[in-house]
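Subject: Structure handover

Hello,

Here is the structure you asked about. My notes on what was found in it follow below.

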2 protein chains.
Amino acid sequence: MSGKNKRGMLIILSGPSGSGKDTILTQLAKRDIGVQLSVSLTTRAPREWEIDGFHYYFVSKQTFMEKIHNDEVLEYAKYGENFYGTPSAPVDRWLDEGKTVILKIEVQGAEKIRARYPDVVSLFLMPPSMEVLEQRLRNRESDSEEDIVRRMTIAREEIARSEEYDYIVVNDVVDYAVSDICAIIQAERLRSTRMKYKVSEVLDHA
Amino acid sequence: MSGKNKRGMLIILSGPSGSGKDTILTQLAKRDIGVQLSVSLTTRAPREWEIDGFHYYFVSKQTFMEKIHNDEVLEYAKYGENFYGTPSAPVDRWLDEGKTVILKIEVQGAEKIRARYPDVVSLFLMPPSMEVLEQRLRNRESDSEEDIVRRMTIAREEIARSEEYDYIVVNDVVDYAVSDICAIIQAERLRSTRMKYKVSEVLDHA
């Protein structure tokens, strides 16, 4: 099968803080399904278990601003006191190479990605209930009570906007959510708009 | 998880004669993925291995016309000398019951289904090449040389229209094609338009 005319596929994953985006992405990265995880820039402090260059690129506010100035950031948003952004160069290179690229981005940033990549596939990761979400945030033990209350308020606003996304994946059991995302990736690769090369191949060699 | 507000999902499967629709549907029916296969009416003669009520309802031309007259046929088309149609009552009942219903229909009929059910999910089953398609038609040993030539011409016209479908599944290895269709069904159930009930559930119980 010729892959020459196949452009890559861009996927965005959003979801409230505590919905389990990092857990899901870690599991996806372990599977052999040919996806490339993009790593975001952030100015927030790393949590104890977070690895620089894997979970995020942790940078100073000054470095972040310089990158924006140099047009090296695809989208960015301020969330609380911290900035989050997506470095642009790797994404465009991977898409040119035909890869499936997954971006983890905030709901605010998703809009900007959609505007720039109209054929993006957008996934919203949803907690099974608000009670479970709150429990997960409390189990983290890294956030203050004020932080938790603030995150729950923001979560409600974000969930109310989940219908702006193409797909909604409930993260109750991690394995099921990962399986759902794998199915979405497999299905989206078969979209007729992405299979034009195959139609030409069959008809032109007839 | 409440299923009260979940309406069923309608899927149509089209593809040229010899693309393997029946083989694929037989395999899908064996899997425990909660799909309901619709059975079409046809006036054509059954092939030796075909079972009335499973592969088709084989009816006379007179019976077929009476059913059209009584508005019991969702769509129908003439294909060669024969009529093919979809009985309407079971489809609407299954959708009301929240089931996933798969219809095997001709390319001509697909248009009519799309007009009546705008949220239908449409799949086009494509042979890996025209050479393989011709070989499959010849292996059947039930068609005359004229039939094969005619079917190949129609197949080219149908494949040229495959981009009218949501998804294109290449049927090279049957198990892979079945896996692709299962992934599409799993993914489509997670479309945000079909997950509104879940968003309400999470937000309303908060």
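A polar contact here is a pair of N or O atoms within 3.5 Å; within protein, one of the two must be able to donate a hydrogen and the other to accept it. Please keep in mind that this is a predicted model. By the polar contact rule, 14 residue pairs are found across the interface of chain B and chain A, with both residues at pLDDT 80 or more.

The interface

On the chain B side, helix 5 (130-140), helix 6 (145-160), strand 9, helix 7 and helix 8 (196-204) each supply at least two of the residues that touch chain A. Helix 7 of chain B gives the largest share of that side, seven residues. The contact takes 35 residues from chain B and 35 residues from chain A. Between them, the two chains bury an area of about 3000 Å², with carbon and sulfur atoms giving 63% of it. B:Leu190, B:Ser192 and B:Val202 supply 17% of the area that chain B buries against chain A, more than any other three residues.

Two salt bridges cross the interface. In one of the salt bridges, A:Arg191 pairs with B:Glu188, and the closest N and O atoms are 3.2 Å apart.

Other salt bridges

Over all chains the count comes to 32 salt bridges. B:Asp92 and B:Arg116 form a salt bridge with their closest N and O atoms 3.1 Å apart. B:Asp92 lies in helix 3 of chain B and B:Arg116 in helix 4 (residues 107-116) of chain B, so this pair ties together parts that are 24 residues apart in sequence. B:Asp92 is partly exposed at a relative accessible area of 24%, and B:Arg116 is partly exposed at 46%.

B:Glu145 and B:Arg138 meet through their side chains in a salt bridge of 2.9 Å, N to O. B:Glu145 has a relative accessible area of 41% and B:Arg138 one of 32%. The side chains of B:Arg161 and B:Glu164 also form a salt bridge, at 2.9 Å from N to O. Here B:Arg161 is partly exposed at 28% relative accessibility, and B:Glu164 is partly exposed at 38%. Elsewhere, A:Glu188, A:Arg191, A:Arg194, B:Glu188, B:Arg191 and B:Arg194 are joined into one network by salt bridges that share partners.

The sheet in chain B

Chain B has an open sheet of five strands in the order 2-7-1-8-9, with parallel pairing. Strand 2 (35-37) and strand 9 (167-170) stand at the edges with a single partner strand each, so one side of each has no neighbour in the sheet. From one strand to the next, the twist averages 25°. Strand 1 (residues 9-14) and strand 8 (residues 121-126) of chain B pair over four bridges, and B:Ile12 stands opposite B:Ser122 in strand 8. Helix 3 (residues 88-96) of chain B packs on the sheet, touching strand 1, strand 2 and strand 7 (100-104), and its direction makes about 155° with that of strand 7. Helix 7 (residues 174-188) of chain B lies across strands 1, 2, 7, 8 and 9 of chain B, at about 155° to strand 9.

One buried serine

B:Ser40 is in strand 3 (residues 40-42) of chain B. B:Ser40 counts as buried because its relative accessibility is 7%, and the cut-off is under 20%. A polar atom of the B:Ser40 side chain lies 3.3 Å from the backbone oxygen of B:Lys104.

Regards

Notes: Residues numbered from 1 in each chain as written. Chains lettered and ligands numbered in written order. Predicted model: local features only at pLDDT ≥ 70, side-chain atom pairs only at ≥ 80, totals over all residues. Heavy atoms only, no water. Buried < 20%, exposed > 50% of the residue type's maximum accessible area, 1.4 Å probe, protein only. Pairing = 2+ DSSP bridges. Axes fitted to C-alpha atoms, helices over the stretch in contact; angles between N-to-C directions. Contact = heavy atoms within 4.5 Å. Buried area = accessible area lost by both parts, 1.4 Å probe. Salt bridge = Lys/Arg side-chain N within 4 Å of Asp/Glu carboxyl O.
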